[in-house]
Amino acid sequence: MKYLPIILFSVFLFHITNLNAQNSIGFGLENGASRVSLSFRNESNLMIVPIKINEQGPFNFILDTGSESGMIFDKLIIGENNLMNARTIPIYAADGNKVTDLWVANDIRVNFAGVHGKDQSMLVLQSNFVDIENVLGVEAHGILGSEIFNRFVVDIDYAERRINLTHPEDFKRPKKYKKIPITIENFRPYVNVTVKQKGEKAITVKLLIDTGASSALFLDAGSNEDIVLPERTLDHTIGRGLAGIVKGKIGRVKKIRLGKYKFKKVLTSYPDDWGLSKPDSEIEKEDIRYGTIGSDVLSRFHVIFNYSEGYMYLKPNNNIRDRFQFNTVGMNVMAFGERLNEYYVNDIIADSPADKAGLEIGDEIIAMNNNPAFFYKLDEVVSVLKRTPGERLKLIIRRDGELMQFNIKHKRLL
């Protein structure tokens, strides 16, 4: 399974209840259909679907259970009429300083694969300063969130990369799936997960189910005294959002249990803070949660979300027993260039093989194991950086116009 340090905006956006209340109402299936099926691209465990906005596109949108509202990254994909009389929502960093403003655009038409949404409201970044395409290695234009999951039963087959949308009244419970209760709070799904930490009693925590987080588990040690850091952790960049880079630590919990399913040695991120906060007047309204469960767990199942009944259904796929893999070189890369196939080092873990070899942030990767780097997609580069401990990685990098060669031995870091 992939590991890439991504936390999308679902983690950070504060409640915009009125916006969501009208969003799902405008969605329906074309020609009276009761069910539609569409394919998605899996990029770093995130589901990307092509949609049209106001009959233009298609544009790449991320399907995200953790987002209370749809969001558009690039204001140029909608018309000026959508922004007439748009209200503004301020976004604050964890220290209370204002980061940016979002517009609430209105009267947007959304269409994809037999689904139509009219009179939609979506959040719009006033300036597209987010580097999500550089992190994903694929162009992404926005997020579809609760408006889809609150309107339909959403059936996600990660193995086949297909999504089925069904009207709740036409849904029939599938056989051989495990039924797990969820709660829907402010249009987002939560589930109770049992976490066993080494040397500690098992605890049950309420976690946001977040298909927009590519990693397995995020825990907030600051909100629950029973959540403790593992003995072995690494300082790491664990996410990116509206406030920029999210720093924290990464380690492994001994075991988690989701329904009847158990996972061992689960990679877990512990953010220093969640990046953004609500204004003081909103803090008391915030739902208490202790982290998120992300797509590195969810993608091991065929998942069906049925918000109207308060359940999700799980059926394991062939990835159920895969180990939660972490980088064995100790560096992360981002994609740049017109085709997003130029790769630069953007983070190095202290005392890792990459650090000890002398790699530096900003180095451009020219070749990997004698293959030109531009032959790779970003997720393939990430896979190369997680090879089996003991294997060798040959790198050619460019630094300050000069080519340099490195021979690095993969090492288990966590």
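Where is the place of D400? I found D400 in the loop between β29 (392-399) and β30 (402-409), with strands taken as DSSP runs of E of at least two residues and helices as runs of H or I of at least four, numbered from the N terminus.

Before going on, I noted that this is a predicted model, in which local features need pLDDT of at least 70 and side-chain atom pairs count only at pLDDT 80 or more, while totals for chains, interfaces and linings use all residues. Residues are numbered from 1 along each chain as its sequence is written, and side-chain values use heavy atoms, with hydrogens and water left out.

**Backbone entries**

I looked up phi of D400 and read a value near 55°, which is positive in a residue other than glycine. D400 is exposed, because its relative accessible area is 77% (buried is under 20%, exposed over 50%, partly exposed in between, with a 1.4 Å probe and protein chains only).

I then turned to N45, a residue other than glycine whose phi is also positive, near 70°. N45 sits in the loop between β3 (41-43) and β4 (46-53), and at 4% relative accessibility N45 counts as buried.

I also checked the peptide bond that joins G57 and P58, which is cis with omega about 15°; P58 belongs to strand β5 (residues 56-63).

**Aromatic entries**

My search of the whole structure gave ten aromatic pairs, where rings of Phe, Tyr and Trp (its six-membered ring) pair if their centres lie within 6.5 Å, and planes under 30 degrees apart count as stacked, over 60 as edge-to-face and the rest as tilted. One of these is F149 with Y307, a stacked pair at 5.9 Å centre to centre and 25° between the planes. This pair links distant parts of the chain, 158 residues apart, with F149 in helix α3 (residues 146-149) and Y307 in the loop between β23 (301-306) and β24 (311-316). F149 is buried at a relative accessible area of 1%, and Y307 is buried at 8%.

I next recorded F374 and F375, an edge-to-face pair at 4.9 Å centre to centre and 85° between the planes; F375 is exposed, at 58% relative accessible area. I also listed one aromatic cluster, formed by Y261, F263, F301 and F324.

**Charge entry**

Which residues gather in a patch of positive charge on the surface? I listed K198, K254, K255, R257, K262, K264, K265, R323 and R412. The elements giving two or more residues to this positive patch are β19 (244-258) and β20 (261-271). R257, in strand β19, counts as partly exposed at 35% relative accessibility.

Terms used. Patches are made of residues with over 30% relative accessible area and no salt bridge: like charges are joined within 9 Å, nonpolar side chains (Val, Leu, Ile, Met, Phe, Trp, Tyr) within 5 Å. Accessible areas come from the Shrake-Rupley method with a 1.4 Å probe; for residues, only the protein chains shown count as cover. A salt bridge is a side-chain nitrogen of Lys or Arg within 4 Å of a carboxyl oxygen of Asp or Glu. Lys and Arg count as positive and Asp and Glu as negative; His and the chain ends are not counted. The place of a charge is taken as NZ of Lys, CZ of Arg, CG of Asp or CD of Glu.
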